[in-house]
Amino acid sequence: MIKNAELPSHASVVVIGGGVMGCSTLYHLAKAGVSDAILLERNQLTSGTTWHSAAQVRALRSTRNLTDLIRYSISLYSRLEEETGQATGWINKGSLSIATNEERMTHIKRQESLAHLFDVQAQSISRDEALERWPLMNADDVLGAVWSPDDGRVSPSDLCAALVKGAKSSGAKIFEETGVTGILTEAGKIIGVETDKGVVRCDAVALCTGLWSKKAAGMAGVEVPVWSCEHFYLLTKPIEGITGNMPSLSDHDSHLYIRDDSGGLLVGCFEPLGKAIDPDSLGENFAFGLLPEDWDHFEPMMINALHRLPALETAEVKMLLNGPESFTPDGSFLLGESAETRGLFLGCGMNSVGVATGGGAGMALAHCIVHGSTPTDLHEADPKRFPDCFNSIEALSARVPEVLGKHYEITFPGRQWSSARNIRQTPLHQKWVAANAHFGQFYGYERPLYFNKTGEPELTFGKPAWFDQVGREVMQAHEHAAIFDQSTFGKILVSGPDSESFLNRICANNMSRAPGRAIYTTILNERGGMESDLTALRLTKDSYRLYVGTTAIRRDLAWLRRHLADGERVTLSDETDAFAVIGLMGPEAARIANAVGARELNNLGYFQHGETAIAGITVRGVRLSYVGEAGWEISCRTENTENIYEALVAEGAKPTGIFAQSSMRIEKRFLAYGHDLDTDGSPLEAGLGFAIAWDKEFIGRDALLGLKDITPKQSMVSIILEDPNAVPLGNEPVYLDGRIVGKTTSAAFGYRVGKPVALAYINGPLAQEGADVEIDIAGQHWRGQVSMRCVYDPDGSRMKV
């Protein structure tokens, strides 16, 4: 490592931070041909968090792409020694995850099903088989386990040494004891880095600064929602019965992970509520430091550990290690370019999976820097997924202890955060409180999931506590009239003389429709993948309002801004908070519109919009529906929302929550970004070819032309299950003739058809009407039939005037 050598005056990319993420990113940049990339570390490599990581590497994650990142890590860690001559300490002994209650057993069986879908080796085993693999364990309360033979662990310091050696062999340089004092920008773009040893001009910065990422990003004018928590593990001296290396043992019901360590035991925990710590309190020289032992805090976990491992009763303790780690508000890391500053790429907030994910995440971050995108869809890690409200220290310090505590919690459907709530509210929030809404948090907003709540629901993988209430809300929309709160939609005003030509270049559909028309479209990347889907209202010759997904506003605004051409006469404005949106849907909607003085709504054709008045207040209604019942989405100024709502309720409309909306949109096969659509999939696979204007040029057109006349690799279908007791959730394998042919993306009970319904991608040639398939739900196969269309298609004439 270079400690006293002179810094170069220029580097294509500067990586800040010498932990596993920084070292991996540098390695992959160098291997990609960025031979002048440099890494700056203010202390020594691995300082901060990496050096004290327990370094478990478990492949299975919630999506294929996140799983593939770790599988890439496993492959990299096992081959680096051959490439560099430096051992990484890779030990492949597998992992064992035990269940001590029925819901956990269902959870790990769902994980096993997911593993089969993602081609990860995993199998359910009995309690006795689990005990054979971990004979030191007390298995009296164990119901079963899942065995994953490809998992392992690594030595963090040796791993970083191997990555650095590989990077240097391709020309990259590392400068330790070199502190970054400023990040230089010009016109919103990175131009250099200022250090205590001089300035380095550069085109991009990879920020891999771990605990200190919030402060480091601030130097570039970027807010990063990362905060620290204390993290504990116990180390013992050698224990009789431990010879050689053993599998990692996960006892998530007890909040524990366990493995051997130098003949003794390492017992770590993700306790139910962690301890936040301000990273500034650590000081800049907290290189290889640790926090004080806290036995009072660890005691409940120690009791759990003594139950699971009786040998601990007589073991000698080396230490209770307490090292800080960084977390984000949703428990997923940050990877990608920031929204605010071009050329600032984030690889931080690793939520205790830095070493496991680091190999693949460093590869993906390098790919993003070199090619402008990650190699596969990683929207779960996109830094642009958070609203500004999560950047406050108050919100972060409240949320991250819960994030740590949920690390091993069962991911029940309907699970919600309890901390950092009510930081954003819709204009009708108090109305929803009065209607006993059960709320969920989306992009910081409180949104009603369902109404008439009678207490905290008990979460389960079976029939949910809210099942009947959601059914009543669906029937309200189906038989009468329902109000849907859609105010959290992102709203972007695109204005200026070049608005039409700009949007025609950006969007796949024809944006040259006349004012008064609504247009559904996708936004594609050069590969033909879907960056977003949205509805545009053409307001005037030179202006459009784009309605985008709740969580998409920052990402979509950044995409639009970065595709503006020099001199293009277009202005982009975020109007999200200025306007509310109320959906009025159902057969009584037309009568209610007349009754409240908004007769003009009934003159609108499908995908037309216009102004009218409700309760004397000007509104804009657009004739479309996301739930398969006729009606309008009505926009108004935020301050007028309550008056409009009260006028609609007075005529018989009733509020309906997101769970009902989801059920109805799945029946109607309306797709949701992040579930059914992403950057890996094309609109042709999703059945959205109707929204492509082939007779114009747009981003992604050339890629789509190559796919237009061939059978897609996968096709979106609906599946209606035969047994009404099945509870599909999405992300489950779909089987045909005993082999996996696809996966579900969204699922719910379809109250209007009386059966569970799933949306799924199935291998293109096998996607045929009426095909008999099975969905694997926690190891049990449920029969269903494929429909190439939606399973519920109402007649628009049901509206009663």
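This report walks through some helices, sheets and a barrel in a predicted model.

Strands of a sheet pair through backbone hydrogen bonds, either parallel or antiparallel. For β30 and its partner β31 (residues 617-623), the sense is antiparallel, with six bridges between them. If you want a spot to look at, find G610, which stands opposite G621 in β31.

## Helices on that sheet

## A helix with a bend

Next up is helix α7, which covers residues 295-308 and has 14 residues. From first C-alpha to last, α7 reaches 19 Å, close to the 20 Å expected at 1.5 Å a residue. There is still a bend of about 35 degrees in α7, and you'll find it at M301.

M301 is also one of the buried residues of α7, along with F298, M302, A305 and R308. What do the buried residues of α7 pack against? Their partners are the strands β4 (95-99), β12 (227-236), β13 (248-251), β14 (256-261), β15 (264-269) and β17 (317-327).

## Two crossing helices

Two packed helices are described by the angle between their axes and the distance between the axes. Take helix α2 (residues 64-84) and helix α8 (residues 354-371): their axes come within 7 Å and cross at roughly 100 degrees. Angles of 65 to 115 degrees count as roughly perpendicular, so that is how α2 and α8 sit to each other.

On the α2 side, the contact is made by L69, I70, Y72, S73, L76 and Y77. From α8 come V355, A356, T357, G358, G359, G360, A361, M363 and A364.

## A covered strand and its hairpin

Is strand β25 (residues 518-524) mostly covered or mostly open? Mostly covered: seven of its seven residues are buried. In a regular strand the side chains alternate between the two faces of the sheet. In β25, A518, Y520, T522 and L524 are buried on one side, while I519, T521 and I523 are buried on the other.

β25 also forms a hairpin with β26, with five residues between them. In the turn, G528 has a positive phi of about 85 degrees. Strand β26 spans residues 530-540 and runs antiparallel to β25, joined by seven bridges. I523 has S532 as its bridge partner in β26.

## A barrel of six strands

Finally, there's a barrel. Six strands close into it in the order β34-β37-β36-β35-β38-β39, with antiparallel pairing. From one strand to the next, the twist averages 40 degrees.

Four bridges join β34 (residues 714-721) to β39 (residues 780-787), and these strands run antiparallel. Here I719 stands opposite V786 in β39. Look too for helix α16 (residues 658-667), which lies across β36 (739-750) and β37 (755-763) and runs at about 130 degrees to β36.

Definitions and conventions
Residues are numbered from 1 along each chain as its sequence is written. This is a predicted model: local features need pLDDT of at least 70, side-chain atom pairs count only at pLDDT 80 or more; totals for chains, interfaces and linings use all residues. Side-chain values use heavy atoms; hydrogens and water are left out. Two strands pair if DSSP finds at least two bridges between them. Helices (H or I, at least four residues) and strands (E, at least two) are DSSP runs, numbered from the N terminus. The expected span of a helix is 1.5 Å times one less than its number of residues. The bend at a residue is the angle between axes fitted to the seven residues ending there and the seven starting there. Buried means under 20% relative accessible area, exposed over 50%, partly exposed in between (1.4 Å probe, protein chains only). Contact means heavy atoms within 4.5 Å. Axes are lines fitted to C-alpha atoms, for helices over the stretch in contact, and angles run from 0 to 180 degrees between N-to-C directions. Angles under 35 degrees count as roughly parallel, over 145 as roughly antiparallel, 65 to 115 as roughly perpendicular and the rest as oblique.
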